[in-house]
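I opened the model to look up a few backbone and packing details. My entries follow in the order in which I checked them.

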Amino acid sequence: MAKDIEDCACPLCASTENRKVLSGKDYLVNHQELFTVVQCSLCAHFFTSPRPTAESIEKYYPNTYMPYKEKMWLWKWLEQSLNSWRARKLAQSLPEAARLLEVGCGRGDFLHELKQCGLQVKGVELSKEAADNARDRLGLDVQRGSIESYPLGTEEYDAIVLRHVIEHIFSPVDACRRFANALKPGGKLFLTCPSIESLGSLFFSKYWQGLELPRHLQHFTPKTLRMLMEKVDLRVIDLSHSMVPNSMIYSAGRFVEQKTGVSAPRFFSPNNPFLLCLFTPIAILAALLGKAERISVIAQKRSDTKHD
């Protein structure tokens with residue numbers, strides 16, 4: 001095995017017993033490199049193993065990685081509108097002028113909307129370019145670095161937000177234990193990630209966009225996400241399923257390309273009104289059945305809980 005690749009035990013329960021689920025390509029950096037998703041035989045958590053080491057993972061995050069890229073004007077407007085609505089909804093659930101940390105804040109667009117809602121915000125972001133953009137363009141307090149290296153105090157924040165971040169973390173239990181410790185009593189952790197139990201995952205399998213191998217080290221289900229929160233003594237107060245037709249459209253494009261050799265990225269795009277009309281009802285149905293592409297959890301620290 002290459003020195004920059006490692007086998008790992010289950011990141012949730014440390015069991016070394018697992019079964020292979022699938023092998024898929026890295027569609028971003030090296031299209032020939034295969035990575036394997038396994039499922040723990042003890043707790044049923046899905047994870048990538050073998051996986052890149054902590055020292056080598058950064059090479060799999062080029063500046064072309066989608067969260068770092070500037071969006072087209074239409075999607076930028078739609079994303080800003082959604083971010084504004086989500087930020088207002090989140091802020092309404094917190095005390096006035098609450099202290100909030102966003103982990104993996106990217107270019108800072110959502111963090112900026114939260115700041116506009118009157119919250120005291122900070123961010124941490126692995127990408128230097130994205131972190132610099134958040135500071136220079138939006139004037140945000142964003143530190144560049146990994147969450148493992150970011151200094152977290154005790155009972156410092158009213159809320160911590162991780163949108164599509166937890167699946168990138170090597171040791172989610174250790175990370176969430178630090179987040180729990182950094183929350184004030186009654187503070188909330190907001191998590192969003194893909195669901196490997198989604199309809200898209202079940203249908204497209206190794207072509208499913210939500211795998212994002214090898215950048216996604218963890219592949220959660222609603223059950224294992226709840227399990228993670230219980231391990232760090234956070235109480236799940238809400239778990240919701242979001243309809244995401246975009247992911248299905250990209251997965252369909254990947255499926256067709258690999259099966260036929262025909263690449264049609266402009267056709268298999270959310271900008272295609274035909275495919276958007278085709279997949280949106282499917283995505284809505286999947287959400288209603290609890291098989292959506294995306295799951296979100298709000299977990300709360302108990303008011304009488306102290307963490308070391």
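This is a predicted model: local features need pLDDT of at least 70, side-chain atom pairs count only at pLDDT 80 or more; totals for chains, interfaces and linings use all residues.

How many Å should the 16 residues of helix α7 (residues 245-260) span, and how far apart are its end C-alpha atoms? Residues are numbered from 1 along each chain as its sequence is written, and side-chain values use heavy atoms, with hydrogens and water left out.

Entry 1, helix α7. I took helices as DSSP runs of H or I with at least four residues and strands as DSSP runs of E with at least two, numbered from the N terminus. The expected span of a helix is 1.5 Å times one less than its number of residues. For α7 that gives 22 Å, and the end C-alpha atoms are 22 Å apart, so the two agree. I then listed the buried residues of α7: P245, S247, M248, I249, S251, A252, G253 and R254. Buried means under 20% relative accessible area, exposed over 50%, and partly exposed in between (1.4 Å probe, protein chains only). These buried residues of α7 pack against α5 and α8 (273-288); contact here means heavy atoms within 4.5 Å. Just after α7, I found G261 with a positive phi of about 80 degrees.

Entry 2, strand β6. Is β6 (residues 99-103) largely enclosed or open? Four of its five residues are buried, so the rest of the structure largely encloses β6. I counted two strands as paired if DSSP finds at least two bridges between them. Strand β7 (residues 120-125) runs parallel to β6 and is joined to it by five bridges. Within this pairing, E102 has G123 in β7 as its bridge partner. From β6 the chain passes through helix α2 (residues 109-116) to β7, a right-handed β-α-β crossover. Right-handed means that, with the strands pointing away from the viewer, the path from the first strand over the helix to the second runs clockwise. I also looked at β9, which is parallel to β6 and joined to it by four bridges. There, V103 stands opposite L162 in β9.

I located F47 in strand β4 (residues 46-48). Its relative accessibility is 0%, so F47 counts as buried. Which residues does F47 touch, not counting those up to four places away in sequence? I listed C8, A9, C10, P11, N18, T36, V37, V38, C40, L217, Q218 and H219. I also checked F47 against L285, 238 residues apart along the chain: their C-alpha atoms are separated by 27 Å.

I found S49 and P50 joined by a cis peptide bond, with omega about 0 degrees. P50 sits in the loop between β4 and β5 (51-52). The bond from L213 to P214 is cis as well, with omega near -5 degrees. P214 is in the loop between α5 (199-204) and β11 (218-219).

A44 is not a glycine, yet its phi is positive, about 75 degrees. I placed A44 in the loop between β3 (34-40) and β4. With 27% relative accessibility, A44 counts as partly exposed. H164, not a glycine either, has a positive phi of about 55 degrees. H164 belongs to the loop between β9 (157-163) and α4 (172-182). Its relative accessible area is 31%, so I recorded H164 as partly exposed.
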